[in-house]
Amino acid sequence: MIKIFDTTLRDGEQSPGASMNTEEKIKVALQLEKLGVDIIEAGFPITSKDDFNAVNQIAKKVTKSTICGLARAVPKDIEVCWEAIQEASCPRIHTFISTSEIHLKYQMKKTQEEVLEMARKAVKLAGSLCQDVEFSAMDASRTELDYLCEVIKVAIEEGATTINIPDSVGYAIPNEFGKFIADIIERVPALKEDVILSVHCHNDLGLATANSLAAVQNGARQIECAINGLGERGGNASLEEVVMALDVRSEFFSEKTHINKKEIYKSSRLVSSITGLHVQANKAIVGKNAFAHESGIHQDAILKKRETFEIMCAEDIGLDTNRLVLGKHSGRAALNDRLQQIGFDLSDEELLLVFTRFKELCDKKKEVYDEDLEAIVNDEMATNQQKFQLKDLDVHTGTIHQPNAFVEVNVEGDIQKAKGEGTGPVDAIYKAIDQIIGDHGELMEFNVNAVTEGIDAVAEVIVKVKNKQGRTFTGKGVHTDIVVASAKAYLQALNKIVQRG
Ligand code: MN
């Protein structure tokens, strides 16, 4: 069995524009639990109050997966991490320190001996608090083997139960990395027994999945990965890719995972819709085109025998090909039933909000698809908890007058109004909103997409706003009117910025 360690909520969340708030993180964590991941890395508790809270809430709510928190190899980090996760049914402290020469010299400005002692003390402290301790040697793939093995042995002596070998900068090549893993296991025999060797591969050269699989062939027993390959820079190994490779090529790999494959597609959609980071169409396993066939030759062959051009079925990953369409005459039960099938478990109160929204949509749009439902549920859930909510909007635009917008925002029950003028309707709206909420950052990106096909499609506007500290926040708004969706998207991003403080 290969343990699947998901870091969507830690490494993934650290990547530009992927910030999630606590409620969103809990939603993702519960879905990861359903997906059957063995370990959820829920966050990095020392980094902020928000991160601490999110990890703590997840620790209390998730019962099946192990809940892991990240901590640098310093006492304060480890203590705070333990505080955040101690209520989990299976808590894990994950502590790390850089071991490569380049990191020691330039980043840490420490000697190998100093780092070795820090690692020793960190693992010892973590072990005194928690039975399950993972130790990572950051930038391991660029670390000299002798020194790396020395650090690993010390970590094991002090009680580490998992040793993680990260290719932190995505530098490794599959054969080389596989051999590296085999050499480590050869030199540290405990890794053949109780202590699990893990890998954490980055995708800077597009090799994260290949490197993870090479490691498995050479004795690794845990893979760290993220949904949709989310993560710093080029991202982490994609969970869906490593899991499906082990599954589809089961005659080649004897290793298996606990992943419930049917939840893969839902998990991918949820993460993409919450972060606003689209999955590229040709992305392996979960991309929009992953099971689409355009070439006539392929289509013809598929009709004769599916296996001619498909190595797996869309149904395997929970992609429902016969989509049910809802409309005006669909009742609350039908809506709830469909929502559950596409992965949303709503409370009665939430369902009522979504149902109202669904009925409004049915007045404007004949057929309501899963994508529409997903968009309105996420929009409704996100808006519901916001400090600033759009109340009313009156926009004038065209070729005759300067575009202007009159905006009313509900600020925790207090209705505030402002008027803005701009180069276009969106500019005018955003200027009016800034007058109400204040200037919190700079608009970096603005995108409009139609959620489905057709002139009556729901519009999804995604904006990225950079706050004064340089951190990027994503906001999303959904409406049949692109101008309204634009206002909602901007407000959502500002809500996230203000919430983060
Ligand atoms: Mn990483």
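Is Glu134 buried or exposed? Glu134 is buried, because its relative accessible area is 0%, where buried means under 20% relative accessible area, exposed over 50% and partly exposed in between (1.4 Å probe, protein chains only).

This is a predicted model, in which local features need pLDDT of at least 70, side-chain atom pairs count only at pLDDT 80 or more, and totals for chains, interfaces and linings use all residues. Residues are numbered from 1 along each chain as its sequence is written, and side-chain values use heavy atoms, with hydrogens and water left out.

**Domains**

The protein is divided into domain 1 (3-275), domain 2 (291-319), domain 3 (322-382) and domain 4 (386-500); these bounds come from an automatic or database domain assignment. Between the C-alpha centres of domain 3 and domain 4 the distance is 24 Å. Their contact takes 12 residues from domain 3 and 13 residues from domain 4, contact meaning heavy atoms within 4.5 Å.

**Buried residues**

Glu134 is placed in strand β5 (residues 133-138). Strands (E, at least two residues) and helices (H or I, at least four) are DSSP runs, numbered from the N terminus. The side chain of Glu134 makes a polar contact of 3.2 Å with the side chain of Gln222. A polar contact is a pair of N or O atoms within 3.5 Å; within protein, one must be able to donate a hydrogen and the other to accept it, and residues adjacent in sequence count only if both atoms are side-chain atoms. Leaving aside residues up to four places away in sequence, Glu134 touches Phe5, Arg92, Ile93, His94, Thr95, Thr162, Asn164, Ser198, Gln222 and Glu224.

Ser98 belongs to strand β4 (residues 91-98) and counts as buried, at 1% relative accessibility. Its side chain makes a polar contact with the side chain of His103 at 2.8 Å, and another polar contact, of 3.4 Å, joins the side chains of Ser98 and Gln107. With residues up to four places away in sequence not counted, the residues touched by Ser98 are His103, Leu104, Gln107, Met108, Val115 and Met138.

Leu9 is found in helix α1 (residues 8-12) and is likewise buried, at 1% relative accessibility. Among the residues that Leu9 touches, not counting those up to four places away in sequence, are Met20, Val28, Leu32, Ile40 and Ile58. Leu9 and Lys288 are separated by 279 residues in sequence and by 23 Å in space, C-alpha to C-alpha.

**Salt bridges**

The whole structure holds 34 salt bridges. A salt bridge is a side-chain nitrogen of Lys or Arg within 4 Å of a carboxyl oxygen of Asp or Glu.

| Pair | N to O distance |
|---|---|
| Glu241 and Lys283 | 2.7 Å |
| Asp300 and Lys304 | 2.8 Å |
| Arg357 and Asp379 | 2.9 Å |

In the salt bridge between Glu241 and Lys283, Glu241 lies in helix α10 (residues 239-248) and Lys283 in the loop between α11 (264-275) and α12 (296-304), so the pair ties together parts that are 42 residues apart in sequence. Lys283 counts as buried, at 10% relative accessibility.

Asp300 and Lys304 both lie in helix α12, 4 residues apart, about one turn of the helix. Asp300 is partly exposed, at 38% relative accessibility, whereas Lys304 is exposed, with a relative accessible area of 65%.

For the salt bridge of Arg357 and Asp379, Arg357 lies in helix α14 (residues 348-364) and Asp379 in helix α15 (residues 370-384), so parts that are 22 residues apart in sequence are tied together. Arg357 is buried, with a relative accessible area of 11%, and Asp379 counts as buried at 4%.

A network of salt bridges also links Glu117, Arg120, Glu157 and Glu158.

**A nonpolar surface patch**

Leu443, Phe446, Val448 and Ile482 make a nonpolar surface patch of about 320 Å². Patches are made of residues with over 30% relative accessible area and no salt bridge; like charges are joined within 9 Å, and nonpolar side chains (Val, Leu, Ile, Met, Phe, Trp, Tyr) within 5 Å. Accessible areas come from the Shrake-Rupley method with a 1.4 Å probe, and for residues only the protein chains shown count as cover. Strand β12 (residues 441-450) gives the most to the patch, with 3 residues. Phe446 is found in strand β12 and counts as partly exposed, at 33% relative accessibility.
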